[in-house]
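The following questions and answers concern the terms applied to a structure. Each answer sets a value against the definition of the term.

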Amino acid sequence: MRHQTGALRVILGDQLTPSVAALRDLDPARDTVLLAEVEAECTYVRHHKQKIVLVLSAMRHFSAALAARGVRVRHIRLDDPDNTGTLAGEVARAARDLRPSRIVATEPGEWRVLQDMRGWEELCAIPVEIREDDRFLCSIPRFRAWAAGERVLRMEFFYREMRKAHGVLLEPDGTPLGGAWNFDRENRAPFRGRPLTPARPIFPPDETTRDVIALVGQRFPDHFGTLDAFAWPVTAEEARLALTDFLVSRLPEFGAHQDQMSADEPFLHHALVSTSLNLGLLTPIEVVRAAESAYATGRVPLAAAEGFIRQILGWREYVRGIYWLRMPAFAETNALDAQRPLPAFFWTARTRMNCVRHVVEQVRDHAYGHHIQRLMVTGNLALLAGLAPAGVHDWYMTVFADAYEWVELPNVHGMALHADGGTMASKPYAASGAYVARMSDYCRSCPYDVRDAAGEGACPLNALYWDFLARHRDRFAANPRMAGPIRSLDRMAPPHLAAIRTRAARLLASLDRAGDPPASA
């Protein structure tokens, strides 16, 4: 009979941080750390091939680093013949084989995993301790307390609280450096020709990653995306190199150019650290302090440092708080009653809309798109066309290497689609083609005319924008932030508006005929 060991410490694929709560009092002489690559986590949505490679390779590298420190690691590989295919199954199998005195885990990032984790104690008949994930800078209880005291849950107010709480970019008296809490006006420069952009740091796959690439290619051949350009950091060391490269090469120009898009350059001045943050290879506090230090030492302007820090300390923490505050009902929100299925070109890129084609091709090849491509190209089209939130959310979860439900669901339902009815944003982020023309070079080589709304050659975003406003006029008429667009709609000559809406109806009918193909298309 086996003797009872110490604790079984379960580490999930997005908890690859040596200081994560479940490992904090690790006893290497008695405890065992479990990491499990399981089919269910690869297929609950049909993740991009690069996303699966990224997570599995990072898990294997993390296991190797623990073992090198003398930690006993039980790492179940995806192709292990005894693999049960589920996280609960592997926890139960480890408990049966090792007979631990208890199971220790860190709270997961997704609601469905937490429900699963809460059943482990009964499943394994031993105590299970679920610890707070304190890698984040705002705990869930703290966010709930903040939300309880606010009439509207706006990120800007939350962000100011986080700046104060963590002493970031503050004067000694607690006021913001530069006299303002954000510098959005300096961080929204229109596209004036692609700025000289330093090359993205490349991390060529090592033997471990090459093995995983081969396994994923064999196991998930029909999943979306390509693997040829895989170059994401898979270790903490690589992640810190990527962060340093950003701070030196791209953060100085990040602020002014962060909302721009280019057909020739998918990455521009963006940080490309979200995959590492969401895996746990980097912690948010080290990223925030590194950017703050870059400003303090005169290497980057305040507007650039603040704009980047706001995405980490403000937006990232805020969307996580909203997710846990509103789940599970948040996943069912559909305030605008959007019902249209996702068109085929979201998978195939076979569309004449140059902006959409470029973004879909980019995510196919790199599993990456920056926030404006997500919000104001694919998200804006989905909003204007009335695409069903569930299908849009599934697409976002599928195509991006940094996608986890806690971050994607609020961004899709709350920001892109206004499906939450205004919890996160006071107005829908609806825009015509003029926005895309101002912020990118996509329109220059597009067969559609961005200056026209009603003609057969008119930019589809224009007709769909005015049709969206007309469909939802009554809902938004009393919204002060929608007053300008509604006035413009009301001043439009009825025959012209009718022509625009006829054009929109034809476009929407063509979307309906397109349907939603398999993700392998």
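Q: Why does arginine 99 count as partly exposed?
A: The relative accessibility of arginine 99 is 33%. Buried means under 20% relative accessible area, exposed over 50%, and partly exposed in between, with a 1.4 Å probe and protein chains only. Arginine 99 therefore counts as partly exposed. This is a predicted model, in which local features need pLDDT of at least 70 and side-chain atom pairs count only at pLDDT 80 or more, while totals for chains, interfaces and linings use all residues. Residues are numbered from 1 along each chain as its sequence is written, and side-chain values use heavy atoms, with hydrogens and water left out.

Q: Is alanine 349 buried or exposed?
A: Alanine 349 has a relative accessible area of 5%, so this residue is buried. Alanine 349 also has a positive phi, of about 70°, and is found in the loop between helix 13 and helix 14 (354–366).

Q: What is the volume of the largest cavity?
A: The volume is about 390 Å³. On a 1 Å grid over the protein atoms alone, a cavity is a set of points where a 1.4 Å probe fits but cannot get out, and lining residues have an atom within 4 Å of a point. Grid points are joined across faces, edges and corners, and a volume is the space filled by probe spheres set on the points. Among the 23 lining residues, Gly13, Asp14, Glu41, Val55 and Tyr404 are the closest to the centre of the largest cavity. Helix 2 supplies the largest share of this lining, five residues.

Q: What is the form of the peptide bond from methionine 327 to proline 328?
A: This bond is cis, with omega near 5°. Most peptide bonds are trans.

Technical notes
1 Å grid on protein atoms, 1.4 Å probe; cavity = no way out; pocket = protein on both sides within 12 Å on 5 of 7 lines; lining within 4 Å. Helix = DSSP H or I, 4+ residues; strand = E, 2+ residues; numbered from the N terminus.
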